[in-house]
Amino acid sequence: MEEFLAEHQLYIVLGIVLLIWGGIVLYLLRLDKKLAELEKLIKKG
Amino acid sequence: MTYVKYGSIILITLVIVAGIGIPMSLEPAGFFEFPLIPGLEDKARNIFFHVPTAWTSVLAFLVGTFFGIRYLRTKNIEDDYKSVSAAGLGLLFCILATVTGALWAKFNWGTFWNWDPRQTSIFILLLIYGAYFALRSAIESDEKRASLSAVFVMPRMTAGLHPGARDDPSGKGPLMQSGMIAGNMRVFFYLSLLGFTLLFIWLLNLRIRAARLEHEHSRQQH
């Protein structure tokens, strides 16, 4: 794995882009959940 | 906000495509070839992704500090949740910058972590804001929940492994001025900074709206 990455450096860039994208997606999913809970609360009054 | 939203999506998509897709060559010819820097090679492309996350983190903490100070003066709860929303996003991008930096470090410096000055300062930053959120969640009352804010600088004070640090034998001054970065790379780098900034504004807007709803709802309850 390490050797492969050292030889194919473009995949390190891919890994970094995926990490950033994954972090943003996780954040959005959490926000989505929070909004859904709020909607439920507001519906109940 | 429409421009911010679609602007960020388009810019970041463009930067991903260009940042990964544009070939590298030792003697770049024309706009659509990046220079190949020995020792950095394809990893130089990380500049388009890793650096803007750190930039966004700093920006977010500054915005958080601004609204934190404003809250202390106005005691307007709106300022408080603007501050905490920005700080939360700052923490997100700070973690992303740390993790992506560690991955890059592994293949440029040999290990994931080696206490480079900037790694040390980002670690302290994570601790500060980790403490900030631990403290906040421990205090129930809205008013007592004072806004803690920290002003910080991540200067190029000390020699370190980051290129462009003071006393860096390879480069004089900041990386962006050292001529190592070609004009066309700089264009995409700035577009990336802009894209990430717009993304931050969009996320902050979403986050503030959620906080406002939450606050209004809890007020109706009492």
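B:Lys75 sits in the loop that links helix 2 and helix 3 of chain B, where helices are DSSP runs of H or I at least four residues long, numbered from the N terminus. The model is a predicted one, in which local features need pLDDT of at least 70, side-chain atom pairs count only at pLDDT 80 or more, and totals for chains, interfaces and linings use all residues. Residues are numbered from 1 along each chain as its sequence is written, while chains are lettered from A and ligands numbered from 1 in the order in which they are written.

Most residues other than glycine have a negative phi. B:Lys75, however, has a positive phi, near 55°. This residue counts as exposed because it has 10 C-beta neighbours inside 10 Å; the cut-offs are 12 or fewer other C-beta atoms within 10 Å for exposed, 20 or more for buried, and partly exposed in between, with C-beta atoms placed from the backbone. B:Trp115, in the loop between helix 3 and helix 4 (117–138) of chain B, also has a positive phi, near 50°. B:Trp115 is exposed, with 11 other C-beta atoms within 10 Å.

Turning to the two chains together, 19 residues of chain A are in contact with 24 residues of chain B (contact means C-beta atoms, placed from the backbone, within 7 Å). Helix 2 of chain A gives the most to chain A's side of this meeting, with 16 residues. In that helix, A:Ile12, A:Val13, A:Ile16, A:Val17 and A:Ile20 are buried. The buried residues of helix 2 pack against helix 1 (2–7) of chain A, and also against helix 1 (2–21), helix 2 (50–74) and helix 3 (77–108) of chain B.

Key: Helices (H or I, at least four residues) and strands (E, at least two) are DSSP runs, numbered from the N terminus.
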